[in-house]
Amino acid sequence: MLLIEILPDKCDFCGCCVGVCPEDAIELKEAEISIIESLCTNCSKCIWACPIEVIKFDIEKYKKAKNEKLL
Amino acid sequence: MKNYYDIVVVGGGPAGTVAARFAAERGMSVLILEKDRDIGYPVRCGEAISHAGVAEFIDPDPAFISSTISKFAFIAPDGTEVVIPLEEKGYILERRIFDYELAKKAADKGAEILTRAYVNGLIIDSGRVCGVKYEFRGEQKEIRCKIVIAADGVESRVGRWAGIKTYTDFRDMECCVQMTVANITDRDRDTCYFYFGEKFAPQGYFWIFPKSNGAANIGLGVSGKVGKKRPAISFLNDFMEKKYPESAVLTSIAGGVPSVTTLEKISAPGIIIVGDAARQVNPLSGGGIASGMIGGSIGGRIAAESILAGDEKHLLTYDKAWNERLGKRHEIFDRIKNGIYYFTDEKFNAIAHSFSKIEYEKRTIGNLFKTALLNHPSLLIDIARVFLVR
């Protein structure tokens, strides 16, 4: 389940997150960015590396999924 | 456009276009695929480079030189400023024009260039790379070639598709933000300013690089380890609010610098990696324009030689050639960087105090390191520790 979200309106498309992603799970075009759900492990390294804080961990979704025993 | 090329280069930055030029001038048919609309834009760079770094590949030209640098100023956390005259002048570039001119030089040798061409896969036949898949204006296409040169920058994925681990550990990534700001009138126009310490940029540095007509690049990089606790942008916002609260920001950018040694492997059958994608960055300064062009030139030459001689194994000599030219030196820089990473503010202050006693005329960057070591023998232990650990 994908718990990482990139806020596209705030993103600068700089590629820092792609550079640190161990799973090759981020696709970056000129001004389009997306996470490949099937590859992402929610490791959060992209969140830490983002210089401008535009990647979020969806804590609500995480809690909900945990409650419903989906994780 | 042809339906087959000797070499396809992925990425139209300095490393890619220099690689293309060096291959094309040896008679290769070359195609550069650039994902963005424009070569050279958007800029993701502090734009500083030495004279020699430029001159090896293109005649320095006022068209792309924004300012000429003759001094470095290092500012310690307590405000002590140490100014060092440079033995060799440097430049702050206008990258959007510089990259353009480099691309034109590749084109002059016969390289073709296609922008808005986003490479999203490799064609691999029995373990050997022999072309790329790409999207061009919404249409999926492919082009075959003898050798692919991956110059796809810090966000490199092309190498991974060939089985080379190109990603950077987040702790080694310098996460950077920069604004180009107008009317920075309180700085010398020929001086690059570097600020160190917890307040400015822990595990990195903060910079002010002057550009033409009173503008300046103001930015910083911190390691991903720091970014985990506090993102780079918050350091810059703090500084701007305090120092230049009512400023005109001309450009505001983010970017990553893989500040670590070169990838262990930068070639595989049918493919080589150059520039930031190969982590051919000076890990101490974070400078990657000159070293990327050097990597590109070696890569482009060896790729062409390999095709001309019909010798696939020759391509694999690229790793060694790079290591001899710069790779080994980058390993030393990386160790020094790892030492400096953990300097406390007090240590930075103490070094600045001893160095400021040296006569101006006798100051050099080498001297700065010497002074640091002579006056603060504990640094030797720090550095020795770093060398032993690695």
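1. The contact between the chains. In this predicted model, the contact draws 25 residues from chain A and 29 residues from chain B, and the two chains bury about 2300 Å² between them, with 57% of that area on carbon and sulfur atoms. On the side of chain A, the residues that lose the most area to chain B are A:Glu30, A:Trp48 and A:Pro51, which together make up 29% of what that side buries.

2. Charged and polar links across the interface. The rule finds four salt bridges between chain A and chain B, and a salt bridge also joins the side chains of A:Asp24 and B:Arg157, where the distance from N to O is 2.5 Å. For polar contacts, the count between the two chains is 14 residue pairs, with both residues at pLDDT 80 or more.

3. Helix 1 (16-20), strand 2 (26-28) and helix 2 (45-49) of chain A each supply at least two residues of the side that touches chain B, and the largest share, four residues, comes from helix 1 of chain A. Sorted by class, this side of chain A has 15 nonpolar, two polar and eight charged residues.

4. Strand 12 of chain B and its partners. Strand 12, residues 204-210 of chain B, is mostly covered, with six of its seven residues buried. Strand 12 pairs in the antiparallel sense with strand 11 (residues 191-195) of chain B over three bridges, and in this pairing B:Trp207 of strand 12 has B:Phe194 opposite it. Strand 12 also pairs in the antiparallel sense with strand 13 (residues 216-223) of chain B, over seven bridges, and here B:Phe206 has B:Leu220 of strand 13 as its bridge partner.

5. The turn between strands 12 and 13. The hairpin of strand 12 and strand 13 of chain B has five residues between the strands, and in this hairpin B:Asn213 takes a positive phi near 50°.

Note on methods
Residues numbered from 1 in each chain as written. Chains lettered and ligands numbered in written order. Predicted model: local features only at pLDDT ≥ 70, side-chain atom pairs only at ≥ 80, totals over all residues. Heavy atoms only, no water. Contact = heavy atoms within 4.5 Å. Buried area = accessible area lost by both parts, 1.4 Å probe. Polar contact = N/O pair within 3.5 Å; in protein donor to acceptor, adjacent residues only side chain to side chain. Nonpolar A, V, L, I, M, F, W, Y, C, P; charged D, E, K, R; others polar. Buried < 20%, exposed > 50% of the residue type's maximum accessible area, 1.4 Å probe, protein only. Pairing = 2+ DSSP bridges.
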